[in-house]
Amino acid sequence: MSNISPHAIIEDGAIIGQDVEIGPFCFISSQTTIGDGTTIAQNTCIYGKTTIGKNNTIFSHAVIGSIPQDLKFNGEDVELIIGDNNTIREFTLFNPGTKGGGSKTIIGNHNLFMGYVHLGHDVIIGNHCIFANAATLAGHVEVGDYAVVGGMTPIHQFVHIGDYAMVGGASALAQDVPPFCMAEGNRASLRGLNLTGLRRNLERDDINALKSAYRDLFESGQPLKDTASRLLEETTNHYVNDLCDFVLKTKRGIPYERKGL
């Protein structure tokens, strides 16, 4: 049975699942769908065409689904999709997509968004990610699974962050961070592998294979994409394959210190 405060404003047409809690002074738009077991604390506003999955916890004063902060937006039919089991803390701001970016902002499952995190239009987030306080993602940013972004870190539009990557707090990221890597600084550059995260999730042999590939790619002084192509032909490790494939497909480039220059 749902527990909805009589002081909440829920427009006709909103779809509310079972065992949903909605606190006082919330606003829920007519195009909103809220899955079973989700909790929405007081003073939260959910706008537009927003779909929220099951068992999410949304804390007070979150603003979810308000129109994109994009001057080109002209009232098109756009959407925000949030998966299951996410924790969305106070004063977060999530925008839907834009026509030019596919019209959807998509968030996966089991993510933690700490206070004041902003997700811009057309952002795509994977699963099991952590975004610390005031991390700010511009439009079209894509983040894989198990990634971590430190607090007070802005991320430039169209940047891609790979699986198991970490971006240190108070950084400013303008280029792509490959999977399994750690970047830090203003402007952020690679500092090595995200070994703490890898040791929680990968076997020792896989980590050793990634260490060797990282040295070849970013510390040998050889042409980056040539090295990635060679490793793809030689490797039998699928994590190394993922790393090299990311390097070959990057559009914004990868921030690392070029040896011998």
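Arginine 191 is partly exposed, with a relative accessible area of 48%. Here, buried means under 20% relative accessible area, exposed means over 50%, and partly exposed lies in between (1.4 Å probe, protein chains only). The structure is a predicted model, in which local features need pLDDT of at least 70 and side-chain atom pairs count only at pLDDT 80 or more, while totals for chains, interfaces and linings use all residues. Residues are numbered from 1 along each chain as its sequence is written, and side-chain values use heavy atoms, with hydrogens and water left out.

Arginine 191 forms a salt bridge with glutamate 184. A salt bridge is a side-chain nitrogen of Lys or Arg within 4 Å of a carboxyl oxygen of Asp or Glu. The closest N and O atoms of this pair are 3.1 Å apart. Glutamate 184 has 35% relative accessibility and counts as partly exposed. The whole structure contains six salt bridges. Another of them pairs arginine 89 with glutamate 90, with the closest N and O atoms 3.1 Å apart. Arginine 89 is partly exposed at 30% relative accessibility. Glutamate 90 is also partly exposed, at 23%.

Arginine 230 bridges to glutamate 234, where the closest N and O atoms are 3.0 Å apart. Both residues sit in helix H3, four residues apart, so about one helical turn separates them. Helices (H or I, at least four residues) and strands (E, at least two) are DSSP runs, numbered from the N terminus. Arginine 230 is partly exposed at 34% relative accessibility, whereas glutamate 234 is exposed at 52%. Salt bridges with shared partners link Asp216, Arg230 and Glu234 into one network.

The loop between H3 and H4 holds threonine 236. This threonine 236 is exposed, with 84% relative accessibility. Alanine 209 is 27 residues away from threonine 236 along the chain, and their C-alpha atoms are 9.7 Å apart.

The interior comes next. In soluble globular proteins, nonpolar side chains tend to be buried together. The largest nonpolar core in this model has 63 residues. Such a core is a set of buried Ala, Val, Leu, Ile, Met, Phe, Trp, Tyr and Cys residues joined through side-chain atoms within 4.5 Å. Phe94, Ile125, Phe131, Ile161 and Phe218 have the most contacts inside the core. At least two core residues come from each of strand E12 (79–82), strand E26 (181–185), strand E27 (188–193), helix H2 (204–218), helix H3 (224–234) and helix H4 (238–249). H2 gives the largest share, six residues. Phenylalanine 131 touches Leu112, Phe113, Met114, Val117, Ile125, Leu137, Val143 and Val149, leaving aside residues up to four places away in sequence. A contact means heavy atoms within 4.5 Å.

The largest pocket holds about 510 Å³ of space. A pocket is an open set of points on a 1 Å grid over the protein atoms alone, where a 1.4 Å probe fits and protein lies on both sides within 12 Å along at least five of seven lines; lining residues have an atom within 4 Å of a point. Its volume is the space filled by probe spheres set on the points, which are joined across faces, edges and corners. The lining has 24 residues, and Glu142, Val143, His160, Ile161 and Phe246 lie nearest the centre. Strand E21 (142–143), strand E24 (160–161) and H4 each supply at least two lining residues. H4 has the largest share, with five. By class, nine lining residues are nonpolar, six are polar and nine are charged. Ala, Val, Leu, Ile, Met, Phe, Trp, Tyr, Cys and Pro count as nonpolar, Asp, Glu, Lys and Arg as charged, and the others, Gly among them, as polar.

Several loops carry backbone features of note. Most residues other than glycine have a negative phi, and most peptide bonds are trans. Phenylalanine 158 has a positive phi, near 70°. Its loop lies between strand E23 (154–155) and E24. Phenylalanine 158 is partly exposed at 43%. Tyrosine 164 also has a positive phi, about 60°. This tyrosine 164 lies in the loop between E24 and E25 and is buried at 14%.

A cis peptide bond joins asparagine 186 and arginine 187, with omega about 0°. Arginine 187 is in the loop between E26 and E27. Alanine 172 touches both Asn186 and Arg187, along with Pro154, Gly185 and Ala188, again leaving aside residues up to four places away in sequence. The loop between strand E25 (166–167) and E26 holds alanine 172, which is buried at 13%.
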